[in-house]
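Let's take a look at this model together, one region at a time. Here are the sequence and the structure.

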Amino acid sequence: VGSSYYVDEQNGYTRIATTNYTYSYSIYSDAKQGFDNYKSGDDNTTANALYVLDSGMNVVGKAENIAPGENIYSVRYDGAYAYLCTFRQIDPLFVYDLSNPGAPKKLSELKLPGFSEYLHVWSDGRLFGLGQSATDEGRVTGMKMVMFDISDKANVTAASSLELGEGYSEALYNPHAILIDYGRNLIGFPTDSGYALYSYTDGGGFAKLASIQGADWDYNMRGAYIGNCLYVVGSSGVTVIDLGSFQTVGNVNIAD
């Protein structure tokens, strides 16, 4: 599931976030008929953990039994801190202090409906999350963005969130599909309905800057900027967006 950032290294220590699965099953064998039946047990569950290993791959610190019954959906390390998002019915964002490798310490736990499948440090005191919204019962209802206020590590809050009305983006599981630039105030990623471009401010939250249409089912578009132009590449062509006006200034057809 989710993140590409479960493993990290800092100052000679490797930090690893894991989801551990425990399960049981019974086997009924009928030798006369020559078949086996397998039945899953009722005690199947999950638990999550955060381990710190030294250069010899010895575990020197750990935090175990995090959010039993849930799975890790995203991880982001930022210096001495680790941010973990788990999900089953509700979305807890955990903050751990790893400044003492031998004793990881939970600082905060924020619960929100839904979950973040991608986390990115947006700026000092802000953590961006892209994921899915969900009901209190855990039913996924569509994509959302959330900006977490992490300025107080012991009391993380949600500064702003926005439901997108989209069902899918490759950026949910592929970090190469998302463009994030705090200096230019840009957040871009492909969706079912085209390439979406947003900005964020603390006072105004998320604001949509542009929506670039591609070919039908062109959900794997990519965006990159050169100078003051954004180039959105899809299967049928390249669209050029002026980053001052966010208007289309050119198109190149590359379809067969």
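This is a predicted model: local features need pLDDT of at least 70, side-chain atom pairs count only at pLDDT 80 or more; totals for chains, interfaces and linings use all residues.

Take Cys229: its bridge partner in β21 is Asp242.

Zoom out and these two belong to an open sheet of four strands, ordered β19-β20-β21-β22, with antiparallel pairing. The edges are taken by β19 (222-226) and β22 (248-253); each has a single partner strand, so one side of each has no neighbour in the sheet. From one strand to the next, the twist averages 20°.

As a rule, nonpolar side chains in soluble globular proteins tend to be buried together. Here, the largest nonpolar core has 19 residues, and the ones touching the most other members are Phe128, Leu130, Met145, Ile178, Ile187 and Phe189. Two or more residues come from each of β11 (115-123), β12 (126-134), β13 (140-149), β16 (186-191) and β17 (194-201).

Ile178 is worth a click: setting aside residues up to four places away in sequence, it touches Tyr118, Phe128, Leu130, Ala171, Gly188 and Phe189. Apart from this core lies another, made of 16 residues, including Leu110, Leu112, Phe115 and Val146.

## Glu170

Is Glu170 buried or exposed? Its relative accessible area is 10%, under the 20% cut-off, so Glu170 counts as buried. You'll find Glu170 in the loop between β14 (157-163) and β15 (179-181).

The Glu170 side chain makes a polar contact with the side chain of Arg222, at 3.0 Å. Beyond its neighbours within four places in sequence, Glu170 is in contact with Ala177, Pro190, Tyr219, Asn220 and Arg222.

Conventions:
Residues are numbered from 1 along each chain as its sequence is written. Side-chain values use heavy atoms; hydrogens and water are left out. Two strands pair if DSSP finds at least two bridges between them. Axes are lines fitted to C-alpha atoms, for helices over the stretch in contact, and angles run from 0 to 180 degrees between N-to-C directions. A nonpolar core is a set of buried Ala, Val, Leu, Ile, Met, Phe, Trp, Tyr and Cys residues joined through side-chain atoms within 4.5 Å. Buried means under 20% relative accessible area, exposed over 50%, partly exposed in between (1.4 Å probe, protein chains only). Contact means heavy atoms within 4.5 Å. A polar contact is a pair of N or O atoms within 3.5 Å; within protein, one must be able to donate a hydrogen and the other to accept it, and residues adjacent in sequence count only if both atoms are side-chain atoms.
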